[in-house]
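Student: Please show me the structure, and then we can go through it by question and answer.

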Amino acid sequence: MRTLGLLMLMVFGVTAWSQVDEERENKTAFSLKEAQEYALTHAFSNRDRELEFEKAKRTINETRAIGLPQVSAGFDFTDNLQLQKQPLPEEFGGGYAAFGTQFQNMATISLNQLVFDGSYFVALQASKVVKEGARYDVQRSEIEVRRDVAQAYYGVLVTQETIEIIKENVESLQKNFEETRALYENGFVEEQDVDQLELLVSRLNNTLDRNERQYVLAKMLLNFNMGRYIESEIKLTDETEELMVTEELIQESAFQLDANVNFKYVQAVERGAELSVKNEKWKYAPTISAFARHGQSNFRNDFNETWSFNEYWVPSTAIGASVKWDLFTGLRRNAVTQKSKLDLEKATLNRMQTGNQLTIQYEQAKSDYEYAFANYNTTKRNVELSKRIRDKTRIKYQEGISSSLDLTQVENQYFEIQQNYLQALQQLLNAKENLDAAIGQP
């Protein structure tokens with residue numbers, strides 16, 4: 001009964017997990033945070049670096065195992081088809097005689113233990129540094145994935161808003177066009193007024209078609225950055241207003257070089273180079289190891305008796321230690337040590353250069369964000385002003401005070417400023433992500 005109950009529990013658990021996994025795969029609606037979390041698990045680049053991190057952890061175990069006891073066993077079977085003969089002294093009659101048996105078995109078990117090897121202890125430290133560097137690499141990938149997903153998410157939102165604005169303008173202008181055409185047919189306006197509005201509506205329809213195509217591509221890019229099939233259905237649950245941040249909020253995220261994951265990564269590379277130099281120096285020291293061996297041998301002329309464990313097997317046991325010391329290697333060891341020192345010098349220069357580059361990148365990203373924030377506020381105000389001008393011009397046109405040319409100019413101006421506003425909005429959101437990436441904190 002207990003076995004049956006355990007089996008039912010396992011089946012239920014597998015079924016529940018499959019349902020959860022299926023629901024996750026069939027999920028189509030994502031907030032920005034959900035899209036980023038999904039990408040951290042499924043994005044191709046991030047998965048690749050996580051696998052490298054797992055390999056680095058296994059490397060530590062592999063290196064540590066070198067210093068643990070090594071046990072091996074062996075079995076040898078020998079069929080002496082022709083025994084070697086030895087000469088006999090004259091007092092034993094002279095001639096030649098064969099000594100030994102035709103069949104021989106030998107079973108052995110050996111224990112080897114590394115007692116001292118400077119390179120081994122350095123290798124242990126180096127493997128931990130490799131693991132640390134791989135972890136920083138995963139964190140760097142996560143920052144890049146979050147930024148790429150966010151910017152693709154913003155691209156879909158802005159394109160969607162662009163389409164809505166164009167549709168609104170087309171609908172309004174189409175209504176004006178139809179009213180103007182009716183006035184023309186009754187002789188109240190000139191044909192030029194109708195043509196002017198028809199031309200404006202046609203241009204907006206072309207722009208709408210282009211943005212609808214761009215919207216499809218934007219969703220494909222978002223799916224790709226998330227690690228989904230590019231043609232998968234996806235719906236965005238966040239609005240641009242919900243994703244906006246204030247200038248003061250960004251200013252609070254102070255840049256700290258030592259906390260930047262990119263700087264930590266080059267520091268790990270430098271420590272690895274230092275350990276490489278240390279490893280080459282330790283190769284000047286001797287290596288000491290110990291061993292213990294035990295064997296059992298069976299000697300028979302009868303093949304069937306060879307495999308009998310009731311017969312006496314001759315034991316042999318040995319323990320010992322060995323010291324290996326390379327006193328002279330033709331100056332090769334010195335050349336390798338000097339090369340490792342040069343690699344360390346390069347790693348140090350790279351750390352210093354990277355520190356300066358990261359600081360400059362942060363200052364540039366901060367400057368870009370401040371400009372994008374100011375430009376966004378300006379274009380937002382311009383939209384309000386342009387809308388008021390357009391609305392007044394439409395009233396004047398309907399009252400016959402303004403011409404169709406005046407109306408076309410303000411309509412074009414309003415649409416252009418709306419486009420500038422949406423571009424400024426996307427620029428601000430992207431600048432915010434670039435600034436977060438430049439801060440470099442996971």
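**Helices and their contacts**

Student: Which helices do the buried residues of H3 pack against?
Tutor: This is a predicted model, in which local features need pLDDT of at least 70, side-chain atom pairs count only at pLDDT 80 or more, and totals for chains, interfaces and linings use all residues. Residues are numbered from 1 along each chain as its sequence is written, and side-chain values use heavy atoms, with hydrogens and water left out. Helices are DSSP runs (H or I, at least four residues) numbered from the N terminus. The buried residues of H3 pack against helix H2 (32–42) and helix H4 (118–185).

Student: Which residues of H3 are buried?
Tutor: Buried means under 20% relative accessible area, exposed over 50%, and partly exposed in between (1.4 Å probe, protein chains only). In H3 the buried residues are Asn46, Phe53, Ala56, Ile60 and Thr63.

Student: How far apart are the end C-alpha atoms of helix H3?
Tutor: The expected span of a helix is 1.5 Å times one less than its number of residues. For the 23 residues of H3 (residues 44–66) that should be 33 Å, and this agrees with the distance between the end C-alpha atoms, 34 Å.

Student: How are H3 and H4 oriented, roughly parallel or roughly antiparallel?
Tutor: Axes are lines fitted to C-alpha atoms, for helices over the stretch in contact (heavy atoms within 4.5 Å), and angles run from 0 to 180 degrees between N-to-C directions. H3 and H4 pack at an angle of about 170 degrees, with their axes 9 Å apart. Angles under 35 degrees count as roughly parallel, over 145 as roughly antiparallel, 65 to 115 as roughly perpendicular and the rest as oblique. H3 is therefore, relative to H4, roughly antiparallel.

Student: Where is Glu433, and is it buried or exposed?
Tutor: Glu433 is in helix H11 (residues 404–439). Its relative accessible area is 6%, so Glu433 is buried.

Student: Which side chain does a polar contact of 2.7 Å join to Glu433?
Tutor: Leaving aside neighbours within four places in sequence, Glu433 is in contact with Arg146, Arg147, Ala150, Gln151 and Tyr154. A polar contact is a pair of N or O atoms within 3.5 Å; within protein, one must be able to donate a hydrogen and the other to accept it, and residues adjacent in sequence count only if both atoms are side-chain atoms. The 2.7 Å polar contact joins the side chain of Glu433 to that of Tyr154.

Key. Helix = DSSP H or I, 4+ residues; strand = E, 2+ residues; numbered from the N terminus.
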